[in-house]
Amino acid sequence: MTKVGLRIDVDTFRGTREGVPRLLETLNRHHVRASFFFSVGPDNMGRHLWRLVKPQFLWKMLRSNAASLYGWDILLAGTAWPGKEIGQANAAIIAQTAQLHETGLHAWDHHAWQARSGNWNDKQLIDDISRGITALEAIIGHPVTCSAVAGWRADNSVVNAKETFHLRYNSDCRGTSLFRPVLASGKTGTPQIPVTLPTWDEVVGQEVQAVDFNSYILSHIQMSRGTPVYTIHAEVEGIAFHQNFDELLTRAADMGITFCPLGELLPDDISTLPTGQIVRGKIPGREGWLGCQQPVGAKQ
């Protein structure tokens, strides 16, 4: 039996309002538990449209047919009108999720984190994370114990900033296996659970067609070394391609693949985890830099 960490990123107002309830019903029907990471501040995702001037981002939008995939309300959110605050308006949905699944912070403002956090100083990083955690804790009624930054925009500055919050784990980067990041002090910090598998938007229209995606990702899971971790998005697998995800869960169960919350992947003794660091890197199918796992002392 193969155990796979299932991470669900919720980036937008519509993803929370429509995608999450549908995913909750589907996961319940398949007896699967997962980790949900919520954006709780303003939905300003439409402000990413300026990136269309960048060829790689434009190509991604075209090959994934983004307008039909996400819907124009998501693609234009926060441009012609102020972005709606996600958490307060969808508190009941988020609270219900937290009763059934592991729930953590994705971002206060997903767009702001993805577009600007790479240039923030330590105080700005800590203040932004604190704002998101405070808002999420007020909704779910108990402490937040995990987080996963928007767009995998993380480096050593983010790792050190997050130590302020004493979380159980973070999932801030792409990589191959669980590890303990080395801090600026030389000590090891909160465990990182990297995402190891490609996401829908990274490969559909480039490496595989939508109709063949489930076979593609199941094959990658079977070939995985270490601990496989898979990310879906409430806006994609919860709305436009929900039926595909439903079928994926059925096929995975038939193959002996079990999905679980990321927290269940942690060993009882985290000191047994190897050390590592998060550096800025790139992966195919994703525009811009993102945090990538790297062994300590390795050349960038």
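Biologist: What makes Glu18 count as partly exposed?

Modeller: Glu18 has a relative accessibility of 34%. Buried means under 20% and exposed over 50%, with partly exposed in between (1.4 Å probe, protein chains only). So Glu18, at 34%, counts as partly exposed.

Biologist: And what are the ground rules?

Modeller: This is a predicted model: local features need pLDDT of at least 70, side-chain atom pairs count only at pLDDT 80 or more, and totals for chains, interfaces and linings use all residues. Residues are numbered from 1 along each chain as its sequence is written, and side-chain values use heavy atoms, without hydrogens and water.

Biologist: Why is the contact of Arg14 with Glu18 called a salt bridge?

Modeller: The closest N and O atoms of Arg14 and Glu18 are 3.3 Å apart. The term asks for a side-chain nitrogen of Lys or Arg within 4 Å of a carboxyl oxygen of Asp or Glu. So the pair qualifies. Arg14 and Glu18 are 4 residues apart in helix H1 (residues 13-29), so about one helical turn separates them. Helices (H or I, at least four residues) and strands (E, at least two) are DSSP runs, numbered from the N terminus.

Biologist: How do you know that Asp127 and Lys123 pair up?

Modeller: Their N to O distance is 2.6 Å, a salt bridge. Both sit in helix H8, 4 residues apart, so about one helical turn lies between them. Lys123 has 58% relative accessible area and is exposed. Asp127, at 39%, is partly exposed.

Biologist: What makes the pair of Glu264 and Lys3 a link between distant parts of the chain?

Modeller: Glu264 and Lys3 form a salt bridge at 3.9 Å, N to O. Lys3 is in strand S1 (residues 2-10), while Glu264 is in the loop between strand S8 (257-260) and strand S9 (275-281), 261 residues away. Glu264, at 41%, is partly exposed. Lys3, at 40%, is too.

Biologist: How many salt bridges does the structure hold?

Modeller: The structure holds 12. Arg174, Asp201, Glu202 and Arg286 are linked in a network of them.

Biologist: What makes a set of residues the largest nonpolar core?

Modeller: Members are buried Ala, Val, Leu, Ile, Met, Phe, Trp, Tyr and Cys residues joined through side-chain atoms within 4.5 Å. The largest has 61 residues, and Leu6, Ile8, Leu27, Phe36, Phe213, Tyr230 and Phe259 touch the most other members. Helix H8 (residues 122-140) gives the largest share, 6 residues. Another core lies apart, with 17 residues, among them Cys146, Trp152, Val195 and Cys260.
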